[in-house]
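Please read it with the structure open.

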Amino acid sequence: MTALASRPTRSRASTRTGRRVAVTAGAALVLLLTVLASFAFGSRQLGIDQVWHALVAPDGGDASTIVRELRMPRTALGLAVGLALAVAGVLFQALTRNPLAEPRILGISAGASFGVVLAISVFGISTLAGYVWFGIVGALVAGLLVFAIATRAREGASPVTLALVGAALDASLASGVYALLSIDARTFEEYRFWVVGGLSGRDLSVTAQVLPFVLAGLVLAALVARGLDALALGDDVARGLGHRIGLVRLGGGIAAVLLTGAAVAAAGPVAFVGLAVPHLARALVGADHRWTLAVSALLGPALLLGADIIGRVVAPPGEIPAGIVTALIGAPLLAVLVRRARVVTA
């Protein structure tokens with residue numbers, strides 16, 4: 001009887017794994033097509049043959065210049081930023097056990113904003129490549145400060161404590177940003193280009209600057225994935241399963257801070273990618289964080305690059321920043337996912 005009972009269980013597990021592999025492969029295909037579209041579409045459309053020729057055998061013509069000097073840098077940055085924001089969203093939602101958690105919840109986006117404003121107003125830095133570092137440092141300091149304060153609370157760094165401390169820090173840093181902007185018109189002019197969120201005006205050096213932080217965050221996220229599954233069952237259960245929840249939270253928190261800091265510093269506070277993509281990934285592959293992280297890492301850049309493409313083609317020769325488009329896309333997408341979850345659980 002035991003052997004007979006175990007066969008359906010193994011069959012269901014095999015079916016579930018097969019479905020997850022298929023979904024992941026499908027997400028990878030969507031991302032590949034989006035990358036190709038990012039090279040091909042814009043104020044001037046190019047054929048796939050022109051894109052391929054420009055990538056493998058550039059001849060110095062108009063198509064090669066457009067692909068390699070204009071579209072390749074923003075596509076590379078879109079891949080890094082979209083991946084970082086989506087994976088960070090999964091981590092934030094798991095660590096806080098809050099389905100509405102996103103980079104702002106721990107004050108990290110506000111820390112990056114404060115660093116950028118300081119770079120512009122105090123140090124007179126006027127190039128994006130120059131103040132990216134200040135954004136990264138501001139995000140890291142904000143994240144570390146939140147965890148340092150939360151661990152001193154009576155309950156320790158619990159999800160509720162982290163959220164409350166993060167919200168307080170976010171408000172404090174935001175007020176500092178607005179104070180600096182209100183007294184310096186030049187800072188405001190520079191800051192508004194960054195704060196709207198987008199991929200335009202960035203060269204490959206910006207991606208190169210943030211890539212080490214993104215890779216480090218991804219490695220840490222992969223290492224704590226199993227622990228995140230246990231945390232979802234509660235701290236006592238996680239301890240009973242042998243997980244060191246303090247290390248899991250610390251590793252996941254550092255990963256989320258690195259990913260968010262790098263993404264926000266490079267592209268500005270792009271909305272909804274870190275909030276909507278994790279919900280979409282869980283709807284497709286379930287709650288296993290290893291699969292959720294993998295699918296989110298593919299769908300995040302696909303969403304951001306798709307938003308960037310839409311922003312380029314709707315009003316040529318001008319464009320709408322990707323951060324605005326992601327907000328327009330992400331809000332109804334999140335509403336549909338929440339509605340679907342209610343129907344399923346009803």
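1. **Contacts along the chain.** Among contacts in the protein chain between residues at least 6 apart in sequence, 75% join residues at least 24 apart. Contact here means heavy atoms within 4.5 Å.

2. **Basis.** This is a predicted model, in which local features need pLDDT of at least 70, side-chain atom pairs count only at pLDDT 80 or more, and totals for chains, interfaces and linings use all residues. Residues are numbered from 1 along each chain as its sequence is written, and side-chain values use heavy atoms, with hydrogens and water left out.

3. **Secondary structure.** The protein chain has 13 helices and 0 strands. Helices (H or I, at least four residues) and strands (E, at least two) are DSSP runs, numbered from the N terminus. Along the sequence the pattern reads α-α-α-α-α-α-α-α-α-α-α-α-α.

4. **Burial and surface.** The protein chain has 346 residues, and 48% of them are buried. Buried means under 20% relative accessible area, exposed over 50%, and partly exposed in between (1.4 Å probe, protein chains only). The accessible surface of the chain is about 16,000 Å². Carbon and sulfur atoms account for 67% of that surface. Areas come from the Shrake-Rupley method with a 1.4 Å probe; for residues, only the protein chains shown count as cover.

5. **Helices α2 and α3.** The axes of α2 (residues 48-56) and α3 (residues 62-96) come within 8 Å and cross at roughly 75°. The two helices are therefore roughly perpendicular to each other. That label covers 65 to 115 degrees; under 35 counts as roughly parallel, over 145 as roughly antiparallel, and the rest as oblique. Axes are lines fitted to C-alpha atoms, for helices over the stretch in contact, and angles run from 0 to 180 degrees between N-to-C directions.

6. **What makes that contact?** From α2 come Gln-50, Val-51, Ala-54 and Leu-55. From α3 come Ala-63, Ser-64, Val-67, Arg-68 and Met-72. The residues of this contact divide into 6 nonpolar, 2 polar and 1 charged. Nonpolar covers Ala, Val, Leu, Ile, Met, Phe, Trp, Tyr, Cys and Pro; charged covers Asp, Glu, Lys and Arg; the others, Gly among them, are polar.

7. **Aromatic pairs.** How many aromatic pairs does a search of the whole structure find? The search finds 2. Phe-123 and Phe-134 form a tilted pair, 5.2 Å centre to centre with 40° between the planes. Rings of Phe, Tyr and Trp (its six-membered ring) pair if their centres lie within 6.5 Å; planes under 30 degrees apart count as stacked, over 60 as edge-to-face and the rest as tilted. This pair links distant parts of the chain, 11 residues apart: Phe-123 is in the loop between α4 (108-121) and α5 (128-151), and Phe-134 is in helix α5. Phe-123 counts as exposed, at 54% relative accessibility. Phe-134 is partly exposed, at 27%.

8. **Trp-133 and Phe-213.** The ring centres of Trp-133 and Phe-213 are 6.0 Å apart and the planes are at 65°, so this pair is edge-to-face. Trp-133 lies in helix α5 and Phe-213 in helix α8 (residues 204-231), 80 residues apart. Trp-133 is partly exposed, with a relative accessible area of 38%.

9. **Gly-115.** Gly-115 is found in helix α4. Buried or exposed? Gly-115 is buried, with a relative accessible area of 6%. Leaving aside neighbours within four places in sequence, Gly-115 is in contact with Phe-134 and Gly-135. Phe-134 is thus a contact of Gly-115 and a member of the tilted pair.

10. **Ala-94.** This residue sits in helix α3 and is buried at 8% relative accessibility. Ala-94 and Leu-228 are 134 residues apart along the chain, yet their C-alpha atoms are separated by 6.3 Å. Beyond neighbours within four places, Ala-94 is in contact with Leu-228 and His-289.

11. **Thr-24.** Thr-24 is in helix α1. Its relative accessible area is 18%, which means buried. Not counting residues up to four places away in sequence, Thr-24 touches Trp-291, Val-295 and Leu-298.

12. **A backbone angle to check.** Phe-272 has a positive phi of about 75° although it is not a glycine. Phe-272 is in the loop between α10 (245-267) and α11 (273-285). At 22% relative accessible area, Phe-272 is partly exposed.
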